[in-house]
Amino acid sequence: MNPDVKYEFYIILYAILLGMAGAFVYDVLRIFRRVLKRGVFLTGLGDILYWCLMAVITFIYLYQVNGGVVRFYIIVLIFLGMIMWEVAVGRYMVQFVSKILKKILKIAHKYLKKLIKPFKMVNSFLKRKIKKKIIKKGGHGHD
């Protein structure tokens with residue numbers, strides 16, 4: 001195979017894979033959003049950081065393959081890779097993993113509440129004892 005054709009083939013392949021990897025990272029971000037429920041500010045901040053990261057990675061990729069020259073077809077292929085990931089895997093992965101993590105967190109929360117309960121009881125007991133000592137000393141808490 002002609003080395004130039006082979007090189008262009010790898011540029012195309014890696015651009016698509018870069019898009020797929022970027023979509024995967026964004027899906028991880030989406031899963032955390034669904035499971036942890038953050039506000040508008042943190043959601044926006046996460047999006048800005050994600051797109052800044054993708055811009056830097058895309059620039060590095062373009063620099064490696066073209067000396068930094070932006071070629072429209074490479075950008076299109078990156079977005080094509082993102083779309084391919086989303087259609088083939090992404091939407092299903094986000095739903096499936098989110099449901100599993102929510103169930104795991106619900107079970108963990110249930111058991112953590114049981115583990116914390118004795119500590120709350122001890123804390124309540126200690127507060128009552130301290131309160132009694134303060135009342136006995138005339139409400140000052142020191143001699």
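How many salt bridges does the rule below count? The count comes to three salt bridges, each a side-chain nitrogen of Lys or Arg within 4 Å of a carboxyl oxygen of Asp or Glu.

1. Basis. This is a predicted model: local features need pLDDT of at least 70, side-chain atom pairs count only at pLDDT 80 or more, and totals for chains, interfaces and linings use all residues. Residues are numbered from 1 along each chain as its sequence is written, and side-chain values use heavy atoms, leaving out hydrogens and water.

2. Arg30 network. Salt bridges link Asp27, Arg30 and Glu86 in a network. Arg30 meets Asp27 with the closest N and O atoms 2.8 Å apart. Both residues lie in helix H1, three residues apart, about one turn (helices are DSSP runs of H or I, at least four residues, numbered from the N terminus).

3. Asp47 and Arg33. Their closest N and O atoms are 2.3 Å apart in a salt bridge. Asp47 is in helix H2 (residues 40–66) and Arg33 in helix H1, 14 residues apart. Asp47 is partly exposed at 22% relative accessibility. Arg33 is partly exposed too, at 21%.

4. Aromatic rings. Ring pairs join Phe9, Tyr10 and Tyr14 into a cluster (Phe, Tyr or Trp ring centres within 6.5 Å, using the six-membered ring of Trp; planes under 30 degrees apart are stacked, over 60 edge-to-face, the rest tilted). Tyr10 and Tyr14 have centres 5.8 Å apart and planes at 25°, so they are stacked.

Technical notes:
Helices (H or I, at least four residues) and strands (E, at least two) are DSSP runs, numbered from the N terminus. Buried means under 20% relative accessible area, exposed over 50%, partly exposed in between (1.4 Å probe, protein chains only).
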